[in-house]
Amino acid sequence: MLLAAGAVLTGVPGTVLSARAQEAATLEEISVTSVSPIQARSAAPSPTPLPALAAEVLPVVTNTFSPVTVIPQDRIARDQPRTLGDALADRPGISASTYAPGAASRPIVRGLDNARVRIQENGIVNGGVSDLGEDHAVPVNPLNASRIEVIRGPATLRYGSGAIGGVVSAENNQVPTFIPARGIAGQVTTGFTTVDNGRLGAASVDAGANGIAVHADGFATATDSYAIPGGIQRNSATETQGGSVGISAIGDRGFLGISYSHFNALYQIPGGEAEEARTRLNPNQDRVLARGEYRPLEGPFEVLRFWAGGSVYRHEEIGFGHSHGHDDHDHDHDHDHDHGQGHGGPAGEGVQAIFKNREVEARFEAQHVPVFTALGTLTGAVGVQTSRRVLNSQLESFLPPTESRVLAAYLFEELAVGGGLRLQAAGRIEGDRLNSIATQFPGSYLPTDGDPLSYALTRRFAPKSLSFGALQDLPYGFVASLNGSYVERAPTGPELFSQGPHHASATFEIGDPTLRLERARTAEISLRRAEGPLRLDATGYVTRYTGFIFRRDTGNRCDDDFGSCGSGDELRQIVYSQANASFYGAEIGAQLDLLPVGDGWAGLEAQYDFVRAQFDDGSYVPRIPPHRLGGGAFVRANGWFARINLLHAFDHIEIAPFETTTPGWNDLRAELAYTQALDPTVYGATEVTLGLQGRNLLDDDIRNSASFKKDEILLPGRNVRLFLTARF
């Protein structure tokens, strides 16, 4: 059921990869069952990650109305992504912004990003400013994640109108929810990449006894500027580090815990003006998270859960240019070690902008006991959610101090009719309030037609959303789903109140304080199969937007102030605008086991995805990902895993005004890995995986049509990764 008690897949509580899939040696398939958290913990008291072979079986989730993409822990350990965008960019229906590859790369889901894709960690919003500009990093490092999920469709109503495009959820055990079977469990991973001299290390440990569980993790990564075909992409070095600690009390009827985490980074922005100014950003975030669950013995509710968290975030944009002073932190640290960037620089280097964000969020959910009706068994949950966010920029005055408040209630219900048919309905209502200093610009957005007028403004919205769906079991393990939804989204603070230059993204951004609610009507059909030699996950969808909010390039160019617009040349003038639009697309992934090899299989895999997005006047929505087609062969047997795969992106020619076409590309990938089980009493570890992975082995010129930077930078060239992971 969609809202069963388990939270193993956060977007779809109640789903968990079957015990056989977690424990079997050959792992020919992955199935999904519905269990309670107590059952899940008793069946698998340690969240032992899927063994390396299992991770290569397509993890298809079949008992939910909403498509769910799952990146398991073993895939994360081998790919070693430094951003959520890196982790997800090659999955069907998902791409990434790649503004600063390896540092600032936010997931794009079905062509939607920023305010329409919610990014969260352990159920609470991530708390950064990545939705405010593509040059801003998401303060979530995926290296220690136990899994990454992308939830689309009706299940996103649990999280808010900001999830109209989807929810990207990084899950880990920062707030411990179990006591390891042997009292202690953990993982250590390290790796090296040739394209950027990349170095990384990450470790996590869980321990507990007598009803108390503790968790600790940490990570550190560093790269030089990465290589591209024929050269180096200057000013693209990165480094990140951070970690967390957490503690929980765990009993027979639930748990209660809290954690603290820290994230900081220093990374450069390649391409264009940012590269010339040696621009770099230094995000820093502190975050506190609390979670709990209680299962009453009696009463109308069988499970009560809460999530609550708060974060303080700040970053500075540092470089040469129109300096507003110099900071005494590590602004002179330009870790472009091997490519001649050097340290320090001429006068005029300093902090160009400061971005701050303070954010708190809480959600409470009550799952009622099953209700047996004449039509079938009714299960579901009711929840409330509240949040407050205060963000602003300084020096550039890109965004004045802006406060956003949300209070919402939601309801999910599912009716199991019988015969493998389940019906679902969900609803959500919000109250949104935003207040800041609005600026009304002349209609031409040129100073020759008047001066901007600024005034204090409070906007209130009441978005309402509904969804209905049906899920039907079919012969041979197939499951079909059909759902429809109507979702309203309130404009965000940046969309309403932006009013100035943003040098790191080379834009002069202008909000519209009169924006209305954005409305989306979606119909979606899916066919999935999780077990057996053929595993399939296929979805088609169509969405009709009324008042779609987008950043429109006016064609004007500006410098540092509005008075320069029309005569400047540094910054593209971007205006938040609304128009009706239609999106439709499909995302398909499949695997087929063909030949038995040892204790495993050799097989084939394939994927295809596309999204087409047009306004009613026939013009195209900006920065849409290309059609992509991929496939390859794999072998998994006797501890070995080998794969070769080609992902092809077609030419992207459906472009918006002032955009350029993007040539297609080929990403040839290969991997060879071996996993050896060990005796922990002898080696201290239960399992070790060692492998090599190659990306862009053809050294092709890869440009991302969904990126603001596509004409200025190439994505990394040929890369070979050496990785090692040990579990204990």
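Strands here are DSSP runs of E with at least two residues, helices are runs of H or I with at least four residues, and both are numbered from the N terminus. I note that this is a predicted model, where local features need pLDDT of at least 70, side-chain atom pairs count only at pLDDT 80 or more, and totals for chains, interfaces and linings use all residues. Residues are numbered from 1 along each chain as its sequence is written, and side-chain values use heavy atoms, with hydrogens and water left out.

**Around β19**

I followed β19 to its partners; two strands pair if DSSP finds at least two bridges between them. β19 and strand β20 (residues 349-372) are antiparallel, with 19 bridges. With strand β18 (residues 284-294), β19 has 11 bridges, again in the antiparallel sense. On that side I found Glu-293 with Arg-305 in β19 as its bridge partner. I also recorded that β18 and β19 form a hairpin with 6 residues between them. In its turn, Gly-299 has a positive phi of about 115°. Strand β17 (residues 280-281) is joined to β19 (residues 301-320) by 2 bridges, and the two run antiparallel. Arg-280 has Ile-318 in β19 as its bridge partner.

**An open sheet**

Next I traced an open sheet of 5 strands, whose order is β3-β8-β9-β6-β7 and whose pairing is mixed. Its edge strands are β3 (68-72) and β7 (124-125), each pairing on one side only. Inside the sheet, β6 (residues 117-121) and β9 pair in the parallel sense over 5 bridges. Glu-121 stands opposite Ala-170 in β9.

I then checked Thr-156, which lies in the loop between β8 (147-151) and β9 (166-171). Is Thr-156 buried or exposed? I have it as buried, because its relative accessibility is 5%; buried means under 20% relative accessible area, exposed over 50% and partly exposed in between, with a 1.4 Å probe and protein chains only. Contact means heavy atoms within 4.5 Å. Leaving aside neighbours within four places in sequence, Thr-156 is in contact with Ile-151, Ala-163, Gly-166 and Val-167. The C-alpha atoms of Thr-156 and Val-167 are 6.4 Å apart, although the two residues are 11 apart along the chain.

**Nonpolar cores**

I looked for nonpolar cores, meaning sets of buried Ala, Val, Leu, Ile, Met, Phe, Trp, Tyr and Cys residues joined through side-chain atoms within 4.5 Å. The largest has 35 residues, of which Ile-148, Val-168, Phe-548 and Phe-583 touch the most other members. The elements that each supply at least two residues of this core include β6, β8, β9, β30 (534-558) and β31 (571-597). β30 gives the largest share, 4 residues. Apart from this core lies another, of 19 residues, among them Phe-461, Phe-497, Leu-517 and Ile-549. For Ile-148, leaving aside neighbours within four places in sequence, I listed contacts including Leu-84, Leu-88, Pro-142 and Val-168.

**Rings and charges**

I counted 12 aromatic pairs in the structure. Rings of Phe, Tyr and Trp (its six-membered ring) pair if their centres lie within 6.5 Å; planes under 30 degrees apart count as stacked, over 60 as edge-to-face and the rest as tilted. Tyr-608 and Phe-610 form a tilted pair, 5.9 Å centre to centre with 35° between the planes. Tyr-608 counts as partly exposed because its relative accessibility is 26%, whereas Phe-610, at 18%, counts as buried. I also noted one aromatic cluster formed by Tyr-545, Phe-548, Phe-550, Phe-583 and Phe-615.

A charge sits over a ring if NZ of Lys or CZ of Arg is within 6 Å of the ring centre and within 35 degrees of the ring normal. Arg-110 lies over the face of Tyr-541, 4.1 Å from the ring centre. The charged end of Arg-529 is over the ring of Phe-478, at 5.3 Å from its centre.

**Disulfide and totals**

How many disulfides does a search of the whole structure find? I found 1, a disulfide being a pair of cysteine sulfur atoms within 2.5 Å. Cys-558 and Cys-565 form a disulfide with their sulfur atoms 2.1 Å apart. Their link is right-handed, with 110° about the S-S bond, and both cysteines are buried.

Of its 728 residues, 61% are buried. Among its contacts between residues at least 6 apart in sequence, 69% join residues at least 24 apart.
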